[in-house]
Amino acid sequence: MARTPRQLALAYDELDAPTDLSPTELRVWDAARAATARAYAPYSRFFVGAALLLADGTVFQGTNQENAAYPSGLCAERTALFGLAAAQPDHPPIVGMAVAARPAEGDFGPAMPCGACRQVMLEYESRQGQPIPLLLPSRHGSIMRFASLADLMPFTFSANDLPKNGEG
Ligand code: THU
């Protein structure tokens, strides 16, 4: 017999404008937008920036890095996280993240992390053992605020899905 379909609720805040952000949130928001100026996106002409706010108050930025061999390029979210972890493996906890995107000629628009970036974002959140709040620009200038990166991606594949050493 067929079961009742299950439903999933996804929690986030929707803010009307950056004026609704706290001063700390505004810092990471502005840093993501500023980073887009350093994107290397000669093929898509779509400039993406990501910013990570650390517990010591410093901000680490990433941008998309494209390549003539298209799949070799990397998204801004991952250059930020990989760049931080590579340069500073013992970095202070990440206490905020924001993403921004705009076409080469045009204004900032929505920036939704791709599936591969979500997977990587979750790895770093679980690695540090504390949630990373995330700000994403949505349609019509509004802002989506997630309390945790985990809220972006249910049914994830994680270290828990791998056999433990010595098992099996
Ligand atoms: N891109 C990002 O940097 N982040 C995303 O979340 C989506 C897409 C980049 C990859 C590529 O350089 C360009 O945007 C067009 O897909």
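1. Leaving aside neighbours within four places in sequence, S142 is in contact (heavy atoms within 4.5 Å) with E14, L15, D16, L136 and P137. S142 sits in the loop between β5 (134–137) and β6 (143–146), where helices (H or I, at least four residues) and strands (E, at least two) are DSSP runs numbered from the N terminus. The residue is buried, at a relative accessible area of 11%; buried means under 20%, exposed over 50% and partly exposed in between, with a 1.4 Å probe and protein chains only. A polar atom of the S142 side chain also lies 3.2 Å from the backbone oxygen of R139.

2. This is a predicted model, in which local features need pLDDT of at least 70 and side-chain atom pairs count only at pLDDT 80 or more, while totals for chains, interfaces and linings use all residues. Residues are numbered from 1 along each chain as its sequence is written, and side-chain values use heavy atoms, with hydrogens and water left out.

3. The ligand is surrounded by S44, F46, V48, N64, E66, C75, A76, E77, M112, P113 and C114, a residue being near a molecule if one of its heavy atoms lies within 4 Å of it. This shell divides into seven nonpolar, two polar and two charged residues, with Ala, Val, Leu, Ile, Met, Phe, Trp, Tyr, Cys and Pro counted as nonpolar, Asp, Glu, Lys and Arg as charged, and the others, Gly among them, as polar.

4. An oxygen atom of the ligand is 2.7 Å from an N or O atom in the side chain of E77, and a ligand oxygen lies 2.9 Å from a backbone N or O atom of A76. For M112, a polar backbone atom is 3.4 Å from an oxygen atom of the ligand. The protein covers 73% of the 370 Å² of accessible area that the ligand has on its own, as given by the Shrake-Rupley method with a 1.4 Å probe. The elements that give two or more residues to the shell are β2 (46–54) and α2 (76–87).

5. In α2, the buried residues are A76, E77, R78, T79, A80, L81, L84 and A85, and what covers them includes β2, β3 (59–63), β4 (94–103) and α3 (115–128).

6. The buried residues of α3 are C117, R118, V120, M121, L122, Y124 and E125, and they pack against α2, β4 and β5. After α3 comes G129, whose phi is positive, near 70°.

Methods. Polar contact = N/O pair within 3.5 Å; in protein donor to acceptor, adjacent residues only side chain to side chain.
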